[in-house]
Amino acid sequence: EKDWEAVRKDLLDYVASYNATLPGSAINTKQQMELLLREGQWREGIQLLPDAPLPSSINFEREAKEYIEMLELLWFEIERIDSDQLKKLLPFIEEFAKKRICTTK
C-alpha cells in the first residue's frame, strides 16, 4: 500500500506537469484538469487554467466556450472539495467577464 501511494503521487505529479497544449497531445487541458480534480487537487487544476481568451481572437467564441466549461468544472469541483476556497477562482471569473463585456460594447 505504501508503494501505491508513491506511484499515485508520481502519476499525479506527472499529470500536473504535463503540457496538454502541445500539438498531438494525448489529452487536452480540460481533461488534464478533470484528472487532477478527481483526486482532489483543485490547486493544480487552477494552475492549468489558461489566460482568458481575448475578444480580438479569431476563435474567441470557441475559446470562450471552452474557458467557461473549465471555469464551471473548477467551480463545481472546488465547491465539492472545499467550498471556502471558491474565492481563489473569483479573479479568473472577473478577468473573463471584463474581457467578455468588451465584446458586447
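I began with sequence separation in this predicted model. Among contacts between residues at least 6 apart in sequence, 51% join residues at least 24 apart.

Next I checked burial and extent. Of the chain's 105 residues, 29% count as buried. I read the span of the C-alpha trace along its principal axes as about 55 × 35 × 15 Å.

Then I went through the secondary structure. I counted five helices and zero strands. From the N terminus on, the order is α-α-α-α-α.

I turned to one helix pair, α2 (residues 29-38) and α4 (residues 60-82). Their packing angle is about 5 degrees, and the axes lie 11 Å apart. Angles under 35 degrees count as roughly parallel, so α2 and α4 are roughly parallel to each other. From α2, I noted Thr 29, Lys 30, Met 33, Glu 34 and Leu 37 in the contact. From α4, I listed Glu 69, Met 70, Leu 73, Leu 74, Glu 77, Arg 80 and Ile 81. By class, I have six nonpolar, one polar and five charged residues in this contact.

Last, I looked up the largest pocket. I noted a volume of about 270 Å³. Which residues line the largest pocket? I found Asn 28, Thr 29, Lys 30, Pro 50, Asp 51, Pro 53, Arg 62, Glu 63, Glu 66, Tyr 67, Glu 69 and Met 70. Both α2 and α4 supply at least two residues of this lining. The largest share, six residues, comes from α4. Sorted by class, the lining has four nonpolar, two polar and six charged residues.

Notes:
Residues are numbered from 1 along each chain as its sequence is written. This is a predicted model: local features need pLDDT of at least 70, side-chain atom pairs count only at pLDDT 80 or more; totals for chains, interfaces and linings use all residues. Side-chain values use heavy atoms; hydrogens and water are left out. Axes are lines fitted to C-alpha atoms, for helices over the stretch in contact, and angles run from 0 to 180 degrees between N-to-C directions. Helices (H or I, at least four residues) and strands (E, at least two) are DSSP runs, numbered from the N terminus. Angles under 35 degrees count as roughly parallel, over 145 as roughly antiparallel, 65 to 115 as roughly perpendicular and the rest as oblique. Contact means heavy atoms within 4.5 Å. Ala, Val, Leu, Ile, Met, Phe, Trp, Tyr, Cys and Pro count as nonpolar, Asp, Glu, Lys and Arg as charged, and the others, Gly among them, as polar. On a 1 Å grid over the protein atoms alone, a cavity is a set of points where a 1.4 Å probe fits but cannot get out, and a pocket is an open set with protein on both sides within 12 Å along at least five of seven lines; lining residues have an atom within 4 Å of a point. Grid points are joined across faces, edges and corners, and a volume is the space filled by probe spheres set on the points. Buried means under 20% relative accessible area, exposed over 50%, partly exposed in between (1.4 Å probe, protein chains only).
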